[in-house]
Amino acid sequence: MAHLLVTGGAGFIGSNFVHHVVAHTDHTVSVLDKLTYAGNPASLEGLPGTRVKLVQGDIADAALVDRLFAESDAVVHYAAESHNDNSLDDPRPFLDTNIVGTYTLLEAARRHGTRFHHISTDEVYGDLELDDPERFTETTPYNPSSPYSSTKAGSDLLVRAWVRSFGVRATISNCSNNYGPRQHVEKFIPRQITNVLQGIRPKLYGAGLNVRDWIFADDHSSAVLTILEKGRLGETYLVGADGEKSNKDVVELVLRLMGRPADAYDHVVDRAGHDLRYAIDSSRLRDELGWRPSYADFESGLGATIDWYRENESWWAPAKAATEASYARKGQ
Ligand code: NAD
Ligand code: DAU
C-alpha cells in the first residue's frame, strides 16, 4: 500500500483516476486541487474518507506542496488549465499553473526524491493532415499550436530537464482526447449533450472536419496506473485507443443517440489556429507494458456518457448558463 498525491484530482480526468485507484488498489490518496471553475468536489463524492482526502490549494504554493510531498510515496500530476478556447481568451493562468505550477512540483520531487508522473497531451505534437498515414509517436517533434498546448509542451520539457539534470524519478504520458462522465460542459462532447438536453442546438466549429482521437477516461486511468507501476523512469508513453472521429461525425452520433435528427446542429465561428487532426500510436505502452484499452467501442461509451449527463443534471447545470453565455459572446 502507498500514499499518492494526485494534483487536479477534482477535475475530469484526475477524479476518474482517483476513483480508479480506490477501486483497483489499496492505496490512499491526497488530492491537491485549487478548485478553479473546472474543479468540483462533487466529482469525488462516494469515495471513502478513510482512503481519499481533498486539500484545497495551488500547485504553485511551494510551502503547501512541500508538506504534501513529505507524506507521499508518489505524485501523479493532473492539475492544469486545460481548455484551448480559454487559453486564446486569456493565456496568463496557463503560464502560472502549467509552467510555474509544474516547476514548483518538480522542485519538491527533487528535494524529496519522490516518484513523479506527469500527465500531458498529444497536442504538444501539433496536428496532422487528414490524409497523413503517420500517427504521433514518442519521437514526433514538439510543435504546439495554442497557448494551452505550448504551456503543456513547456511543462513536459521541464520534466525531461529535471530528470536529466537532477535525477528526478519521473515518467510522462501524452494522451489523446478523453470523454466520459464528469467532464466540464465547456468541452465538446458534454457541451453538445447538455445542449440537446436543454433544447439548444449543438454547435460545430467551422466545417467540423477536424479529427480527434477519442479515449474513454477509464482507459486513460488504467494506462496511468500501469505506467506508475511498471513504466521505465525518464520515459514518455503515448496513450490512445484508436478512436479517430471527425467532429461532424461525433455531433451527428450524439444527435442520433439522443433521438434527434442528425442535421439539427449549427455551424459556428471556428477556433483560431484550430488543430486539424490528432492521432496516437500507443504501441510502446501496449508492447512494453502490456496495457490495452477496455472501452474501445465509441458508440457504447458515448451512450453511457449521455446517460450520465441525463442523470446528473445537478452536477453540470450550475456551470451551463455562464459557459454558453461566454461562447455566445464569441459567436460560438
Ligand atoms: P480539468 O480542467 O477538468 O481539471 C483540471 C483540474 O486542475 C481542476 O480540478 C482544477 O481545479 C485544477 N487546477 C487548476 N489549476 C490548479 C492549480 N494552480 N493548483 C491546483 N489545482 C489546479 O482538466 P482535465 O481535462 O481533467 O485534464 C487534466 C490533465 O490531463 C491536464 O493536465 C490536461 O492537460 C491533461 N489531458 C487532458 C486531456 C483531455 O482530453 N481532457 C487529454 C490529455 C491530457
Ligand atoms: O488532445 C487532448 C486535448 O483534448 C487535451 O489536452 C485538452 O485538455 C482537451 O480539452 C482536449 O482539447 P480539444 O481542444 O481537442 O478539445 P475540445 O473539447 O475543446 O474540442 C474538441 C474538438 O471539438 C475541437 O476540434 C474543437 C471542436 N469543438 C469544440 C467545442 C467546445 C466544436 O466543434 N464545438 C464546440 O462547441
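Of the 28 residues around ligand 1, those that come nearest are I13, D33, S82, Y148 and K152. This is a predicted model. Around ligand 2 there are 25 residues, and D122, Y148, R191, R271 and H274 are the closest.

**Ligand 1**

- An oxygen atom of ligand 1 lies 2.9 Å from a polar backbone atom of Y78.
- A nitrogen atom of ligand 1 is 3.0 Å from a backbone N or O atom of I59.
- On its own, ligand 1 has 840 Å² of accessible area, and the protein covers 97% of it.
- Helix 1 (12-24), strand 5 (115-121) and helix 5 (147-166) are the elements that give two or more residues to the shell around ligand 1.
- Strand 5 supplies the largest share of that shell, 3 residues.
- By residue class, the shell around ligand 1 holds 12 nonpolar, 12 polar and 4 charged residues.

**Ligand 2**

- The side chain of R271 has an N or O atom 2.6 Å from an oxygen atom of ligand 2.
- For the side chain of R212, the distance from an N or O atom to an oxygen atom of ligand 2 is 2.8 Å.
- For the side chain of N247, the corresponding distance to an oxygen atom of ligand 2 is 2.9 Å.
- Ligand 2 has 690 Å² of accessible area on its own, of which the protein covers 94%.
- The elements giving two or more residues to the shell around ligand 2 are helix 6 (188-197) and strand 8 (203-205).
- The shell around ligand 2 is made up of 7 nonpolar, 10 polar and 8 charged residues.
- Domain 1 (3-178 + 214-239) and domain 2 (185-211 + 244-276 + 297-322) each give at least three residues to the shell around ligand 2.

**G240**

- G240 sits in the loop between strand 11 (236-239) and strand 12 (244-246).
- The relative accessible area of G240 is 0%, so this residue counts as buried.
- I215 is 25 residues away from G240 in sequence, yet their C-alpha atoms are 6.2 Å apart in space.
- Neighbours within four places in sequence aside, G240 is in contact with S176, I215, I280, S282, R286 and W291.

Notes. Residues numbered from 1 in each chain as written. Chains lettered and ligands numbered in written order. Predicted model: local features only at pLDDT ≥ 70, side-chain atom pairs only at ≥ 80, totals over all residues. Heavy atoms only, no water. Near = heavy atom within 4 Å. Polar contact = N/O pair within 3.5 Å; in protein donor to acceptor, adjacent residues only side chain to side chain. Areas by Shrake-Rupley, 256 points an atom, 1.4 Å probe, with all protein chains shown as cover. Helix = DSSP H or I, 4+ residues; strand = E, 2+ residues; numbered from the N terminus. Nonpolar A, V, L, I, M, F, W, Y, C, P; charged D, E, K, R; others polar. Domains from an automatic or database assignment. Buried < 20%, exposed > 50% of the residue type's maximum accessible area, 1.4 Å probe, protein only. Contact = heavy atoms within 4.5 Å.
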